Amino acid sequence: MSAARGQTVSVPPSGARAVLGACAWPVLLAAAVWLGLFYNLGAIPLFDVDEGAFGEATREMLVRGDYVSTWLNGQPRFDKPILVYWLQAASVRLFGLDEFALRLPSALAAMAWIAAIHTFTRHVVDRDTARAAAFIAATSAGVVVIGRGAIADALLNLFLALALFGVYRELVDPRPRWRRRAFFWIALGVLTKGPVALLVPAAASLLAFGLQRRMAAWWRAVRDPAGWLILLAVAGPWYALEYAARGDAFLAGFVMRHNVERFLVPLQGHAGSPFFYVPALLLLMLPYTGLLLAALPGIRRLRATPLDTLLWCWFLFVFGFFTLAGTKLPHYLLYGATPLFILMARERHALRSRVAALWPALVLAAAVAALPFVLRLAAPGARNAYAREALGRTDMFGPAWHVQAIALLACVVLLVLWPGRPATGGPWPRLVAAALACSYAIGGLLLPAAAELQQGPVKRAALLARQAGWPVRSWRIDVPSFSIYRGAVTPATSAPRPGDVILTRSDALDGLPSPVRVLYREGGVLLVRVER
């Protein structure tokens with residue numbers, strides 16, 4: 001297929017280089033997926049609050065045998081629909097209750113998301129751009145982080161991508177099968193995270209069809225009765241069963257609080273300025289921030305082709321909608337990341353300067369290598385007692401960690417400085433190598449260190465409580481992963497009583513009735529017994 005207007009076209013290699021390239025790219029993609037999604041997947045503790053909440057709700061689902069409603073520490077949980085819990089429960093049944101089993105559905109969903117990007121881009125652009133788009137997706141910081149998380153976002157992004165790829169096919173070649181496939185993927189998205197899975201494809205397609213002067217075709221597609229029957233048949237039964245079980249509490253908790261109210265006001269302190277998603281975008285796209293900046297001027301070709309129109313409308317709607325939303329979290333922007341991966345892949349040869357291409361990778365590698373020293377300087381000045389104790393731990397940064405961090409930084413520096421004639425693809429091959437190094441820096445060094453710093457004490461406290469058989473209540477701390485590792489519900493208490501074993505933080509210790517006996521203390525996490 002001919003390249004879209006404005007796309008940079010490279011001269012394909014020939015002879016031995018072509019054979020070598022054909023063999024190298026599958027290996028590179030496999031390495032990117034393994035490093036980005038599966039390496040160390042089960043080796044680090046679950047992060048609170050999100051991973052802990054999803055994991056504990058899945059554990060309680062299995063204990064209760066209730067596969068319709070979700071519970072968290074004995075209380076109804078209305079945050080998300082059911083699909084991701086079903087997948088996590090199936091994984092736990094197969095592999096046992098641990099970090100690997102809880103995270104595996106997300107990693108597999110992210111891998112399928114990458115495969116979908118590759119398949120679609122190969123069909124509508126070309127093979128080399130498809131490989132580049134898949135590689136960018138597999139090694140971008142945002143995908144590496146959510147693809148390893150026991151949460152719903154990788155699964156939702158898979159369904160959003162598949163739905164909007166179907167929308168594109170409907171835009172260029174209207175057929176019932178395209179729109180009905182899109183409805184099917186939307187239905188699975190609605191079963192994963194709710195109305196946002198319908199809103200993003202509907203709004204992005206409305207904008208794209210409008211700009212392409214195809215509004216009659218859009219209206220015909222959205223009124224397809226068979227499509228709506230598919231959506232209702234796939235997503236409707238669980239919503240009906242949940243409403244039958246919970247009634248108005250489901251409407252108030254899921255529909256109003258976690259959807260309507262989440263848009264109108266900041267929930268759980270997740271506020272942000274109107275410019276919140278500008279730095280978030282630059283960070284989520286690491287180490288491709290330079291390539292992103294080179295691709296953004298392509299918005300001037302918004303109406304050049306149906307592909308340009310849909311990709312830009314998709315990204316711009318997500319960026320604009322969540323900028324207006326009251327609750328702001330960086331990973332929301334990933335709902336519009338798929339089109340950016342494809343747009344950046346098309347512009348991969350636009351960067352001619354090694355420095356322009358590789359400075360984000362250099363910054364990321366340097367930040368990881370500097371992390372122990374930054375924490376050592378920051379800890380003594382922290383005013384909060386919990387932060388001071390947590391940041392003051394440096395035991396996770398052993399000699400092997402430092403050697404690896406310095407080696408990765410040295411590799412990226414060499415890629416920037418190593419002399420050589422410009423390659424046919426400019427600095428793109430060097431950026432590929434730097435991206436693999438950055439994937440390892442995130443999955444192999446940064447996330448394990450952060451997990452040990454924040455979650456290691458929680459896990460060890462839970463294992464101690466489990467071994468001792470203590471009934472534990474929590475006090476001014478929200479760490480649902482504690483219940484997973486303890487294997488029991490940990491209810492919160494507002495009035496600790498004598499004899500209670502309490503899980504708390506060092507900055508909440510003064511609020512407990514005295515005297516208390518400390519049973520465990522590490523990194524600002526405490527188990528104490530209120531003395532009689």
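## Terms and model

Two strands pair if DSSP finds at least two bridges between them. Strands (E, at least two residues) and helices (H or I, at least four) are DSSP runs, numbered from the N terminus.

This is a predicted model: local features need pLDDT of at least 70, side-chain atom pairs count only at pLDDT 80 or more, and totals for chains, interfaces and linings use all residues. Residues are numbered from 1 along each chain as its sequence is written, and side-chain values use heavy atoms, with hydrogens and water left out.

## Overall build

The protein has 21 helices and six strands. Its radius of gyration, taken over C-alpha atoms, is 24 Å, close to the 24 Å from the globule rule for 532 residues, so the protein is as compact as a globular protein of that length. That rule is 2.2 Å times the number of residues to the power 0.38. The C-alpha trace spans about 80 × 60 × 45 Å along its principal axes.

Contacts are heavy atoms within 4.5 Å. Among those between residues at least 6 apart in sequence, 76% join residues at least 24 apart.

## Surface and charge

Of the 532 residues, 54% count as buried (under 20% relative accessible area; exposed is over 50%, partly exposed in between; 1.4 Å probe, protein chains only). The accessible surface, from the Shrake-Rupley method with a 1.4 Å probe, comes to about 22300 Å². Carbon and sulfur atoms hold 66% of that surface.

There are 52 positive and 29 negative charges. Lys and Arg count as positive, Asp and Glu as negative; His and the chain ends are left out. Each charge is placed at NZ of Lys, CZ of Arg, CG of Asp or CD of Glu.

Strand S4 covers residues 501-505. Four of its five residues are buried, so S4 is largely enclosed by the rest of the structure. S4 pairs with S3 (residues 472-474) in the parallel sense over three bridges. Arg473 stands opposite Ile502 in S4.

S4 also pairs with S6, antiparallel, over five bridges. Here Val501 faces Arg529 in S6. S6 (residues 525-530) is mostly covered, with five of its six residues buried.

Six bridges join S5 (residues 516-522) to S6, again antiparallel. Glu522 has Val525 in S6 as its bridge partner. S5 and S6 form a hairpin with two residues between them. Gly523 in the turn has a positive phi of about 55°.

## Arg257

Arg257 sits in helix H12 (residues 248-264). At 34% relative accessibility, Arg257 counts as partly exposed. Arg257 and Arg517 are 260 residues apart in sequence and 39 Å apart in space, C-alpha to C-alpha.
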